[in-house]
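Please look over the sequence and the model below. The report that follows takes the fold piece by piece.

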Amino acid sequence: MLASEEQRKIEVAKALIMRNKGLFRCPVCEREMVVTRTNSVICRDGHNFDLAKQGYINLLLKQGKSEYDRKLFAARKVISNSGFFDPMRHKISELIYETGAGEGWSTTGLLDAGCGEGSHLAQIISDLNEKGLPGLLGVGIDLSKEGIRLAAKDYQNIIWCVADLTKLPLQNGQFEVVLNILSPANYGEFKRVLKERGILIKVIPASNYLIELREILYRGTDRELYINDSVIRLFAGSFQMIRQERINYKVLLKEENLEHLIKMTPLTWNASHQQLEEIMKVGLKSITVAFDVLVGRK
Ligand SMILES: C[S@@+](CC[C@H](N)C(=O)[O-])C[C@H]1O[C@@H](n2cnc3c(N)ncnc32)[C@H](O)[C@@H]1O
């Protein structure tokens, strides 16, 4: 028996999916899917996926073990809530708003592919709501159930889905915008789910991103310097690049946030326990945040 809050979350998710009929395609047979009264999403061939009580849908055929665990996403959420990513998110909202206004969009479907714990998409939707962009629909997908669980817990009125971005369980031509923030890409799939003049916004680290950490952890190794040229070349070879913006700022780190910062970034995955302890002991007063935001048209 579901508690009333859980049932309410499922009802909200069901209503959203129902309102956006034809959004999902079956990950097994690629046929259209519909939501049922019995809290599941099903295709005409009978492939059936239950809505989780947290209000998300899991459309992965094989659950894999992700290196991105609950602790990482929880730390990422704390850092995210501290305002760390705000300039990047506001830039994205601005770019979407300008494009939408210019194109006269009557609907604005946003897919965040590799959304993690969901705070970027939630913030961007909230910004665009304030700006008055019409017909907003947000869909966040991620391979990690832990990330999607956290997203569904905190942000409503967005469709959250555990899925693989290399085989999106989504119908063709559904979205005005695909977001791909600090996550792997699959340009073929992104093109497929975008509408005709849809745009892809991809955020990648610039060389200076978290440079203070990188210098401590990787001085003298080939990881000391990160160069994103090959990622930009691949993007430009797949999409028509219409904008490229550099965002660069410093964030003052509250003492209690250093540990969260260390936990939230894959940069520390290969670091030794000793190195991490050393960083905690010495402390970091501020950290550089630097991204390239690439905007491409299909
Ligand atoms: C560095 S995290 C970034 C998450 C989020 N965009 C952010 O900026 O906080 C990379 C994310 O990509 C997700 N990911 C990796 N491979 C994926 C795949 N094939 N399909 C969907 N998500 C994937 C991971 O689970 C992880 O959440």
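## Helix α4

Helices here are DSSP runs of H or I, at least four residues long, numbered from the N terminus. The model is a predicted one.

By that definition, helix α4 covers residues 119–131. Its 13 residues reach 18 Å from first C-alpha to last, close to the 18 Å expected at 1.5 Å a residue. Just after α4, Gly132 takes a positive phi of about 85°.

Much of the α4 sequence is listed as buried: Ser119, His120, Leu121, Ala122, Ile124, Ile125, Asp127 and Leu128. What covers these residues? The cover includes helices α2 (70–81) and α3 (86–103). It also includes β5 (108–113), β6 (136–142), β7 (159–162) and β8.

## Strands β8 and β9

Strand β8 spans residues 175–181, and strand β9 spans residues 194–205. The two run parallel and are joined by 6 bridges. Val177 stands opposite Ile199 in β9. Between the strands the chain passes through helix α6 (residues 187–193), and this β-α-β crossover is right-handed.

## Strand β11 and its partners

β9 also pairs with strand β11 (residues 286–297), in the antiparallel sense and over 7 bridges. Ile201 stands opposite Val295 in β11. Val203 has Val293 as its bridge partner.

Strand β10 (residues 240–252) is antiparallel to β11 as well, with 12 bridges joining them. Here Met241 is partnered with Gly296.

How many residues of β11 are buried? The count is 12 of the 12, so the strand is largely enclosed by the rest of the structure. Ser286, Thr288, Ala290, Asp292, Leu294 and Gly296 point one way. Ile287, Val289, Phe291, Val293, Val295 and Arg297 point the other way.

## Nonpolar cores

In soluble globular proteins, nonpolar side chains tend to be buried together. In this model, the largest nonpolar core has 55 residues. Phe84, Ile96, Trp160, Ile201 and Leu261 have the most contacts inside it.

Which residues does Leu261 touch, leaving aside its neighbours within four places in sequence? Its contacts are Ile79, Phe84, Leu210, Leu213, Leu253 and Ile287. Another core lies apart from the largest one. That core has 38 residues, among them Met33, Ala113, Ile141 and Phe175.

## Domains

The protein is divided into domain 1 (1–54) and domain 2 (56–297). Their C-alpha centres lie 26 Å apart. Across the boundary, 22 residues of domain 1 are in contact with 24 residues of domain 2.

Notes. Residues numbered from 1 in each chain as written. Predicted model: local features only at pLDDT ≥ 70, side-chain atom pairs only at ≥ 80, totals over all residues. Heavy atoms only, no water. Core = buried A, V, L, I, M, F, W, Y, C linked by side-chain atoms within 4.5 Å. Buried < 20%, exposed > 50% of the residue type's maximum accessible area, 1.4 Å probe, protein only. Contact = heavy atoms within 4.5 Å. Pairing = 2+ DSSP bridges. Right-handed = clockwise from strand over helix to strand, strands pointing away. Expected span 1.5 Å × (residues − 1). Domains from an automatic or database assignment.
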